[in-house]
Amino acid sequence: MVMIHGCEPLFAGIDFCGEYPKVCYQDAQMKEPEYLPLDFGGCFGQAACFRKTLSALKRFGKKEGIRAVIVVSDASEEGILKCLKNACEAGFEREQLRVIGELESIVHFVMHQTNDIWQQRVYLLEFDTDEIKASSVWVNRRVTPMLAEAQEPEYWHVGTLLEGNRDERLLEYVKERFTKEPVSAVFLTGTDFNARDYKKSREEICRRRRVFLGEQLHARGACMLAGDDREKKAYLFLSEQTLLYNVGIRSITAGREAVQTIISAGCSWYEVQESFEMLLYGDPVLEFSFCSMLGGKPVAAGMTLTDLPARPDGAARLLMEIHFSGPSRCEVKVTDLGFGEIYPASDLCWNESFVLEE
């Protein structure tokens with residue numbers, strides 16, 4: 001683990017899919033995330049819960065070292081931005097946070113297990129009073145990086161234990177789903193899965209599979225993601241928030257013309273906030289390349305700096321700022337900074353939106 005702002009890192013996973021969050025944390029000395037029990041009685045609204053969570057986390061490390069991943073049930077653009085706004089109002093800094101959906105948290109939990117767990121499809125069964133929420137993850141290992149995929153959850157209506165036949169109904173679902181393709185592991189939450197109440201389904205689920213009981217798996221998966229500081233991950237998960245495009249700009253490096261990557265695909269689109277300075281050579285036109293990680297030909301697009309004062313090559317200093325306003329909409333702002341006293345800044349700026357096909 002690397003130092004953050006000169007202090008020990010503290011990673012947190014915050015599962016806010018229910019009325020109150022479930023929190024897990026991990027510091028540099030811990031081998032895996034631990035559950036942090038908190039009483040949110042008297043907390044009204046998301047911001048109040050975030051405030052209490054932040055206060056609790058500061059018992060284990062400095063605020064500047066905290067990196068948190070939040071899990072939400074509404075992973076739409078609106079839902080994510082609302083969550084970030086509430087967390088920042090509670091005292092978190094924007095750069096400390098990342099927001100993901102429930103399915104993505106499961107993927108990261110599974111992919112941080114040993115690879116024998118996810119050799120085949122992996123199921124997560126979340127037991128409730130009268131139904132079971134069934135989600136699954138599988139990995140395409142034929143591509144680099146590996147592509148982790150998840151199926152939208154199904155809800156298995158099995159009835160309550162008091163109604164009877166819960167074991168038999170679960171057995172029917174398991175036989176139907178697990179025989180379609182191999183399942184290497186199953187994670188169960190919200191149940192003790194005892195042999196008395198689940199005799200038949202227990203035997204079927206455990207047959208030639210690894211089965212685990214656990215809790216707070218969404219928060220644990222989020223915490224594992226927060227602590228994953230590898231620049232190049234061994235796997236990639238595609239969600240509605242995943243940026244699918246590598247963004248490049250045509251440039252001259254060491255006397256050679258090439259496309260320089262300025263934004264890499266695979267992160268969440270709302271996390272992209274890049275800015276840098278550059279010197280202009282040739283015509284006042286910036287040439288961008290958008291290359292989809294799903295394949296296909298790169299998309300070329302140009303941006304003309306209209307009315308930029310004429311200057312010699314290398315004597316026009318530009319500030320470029322890039323962000324995404326949606327998964328497939330890139331926003332670029334360019335400002336003329338001039339070149340010292342010789343060529344004063346013109347105070348001109350240009351804005352362009354590039355809409356990409358998904």
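Which residue with a positive phi follows H5? In this predicted model, local features require pLDDT of at least 70 and side-chain atom pairs pLDDT 80 or more, whereas totals for chains, interfaces and linings use all residues. Residues are numbered from 1 along each chain as its sequence is written, and side-chain values use heavy atoms, with hydrogens and water left out.

The residue after H5 is arginine 208, with phi near 60°. Helices (H or I, at least four residues) and strands (E, at least two) are DSSP runs numbered from the N terminus. Within helix H5 (residues 199-206), the buried residues are Ser201, Glu204 and Ile205, buried denoting under 20% relative accessible area, exposed over 50% and partly exposed in between (1.4 Å probe, protein chains only). These residues lie on the same side of H5 because they cover an arc of only 95° around the axis, taken from the directions from the helix axis to the C-beta atoms. Their cover includes strand E6 (121-127), helix H4 (166-178), strand E9 (183-189) and strand E10 (210-213), contact being heavy atoms within 4.5 Å.

Leucine 279, in strand E14 (residues 273-279), is partly exposed, with a relative accessible area of 40%.
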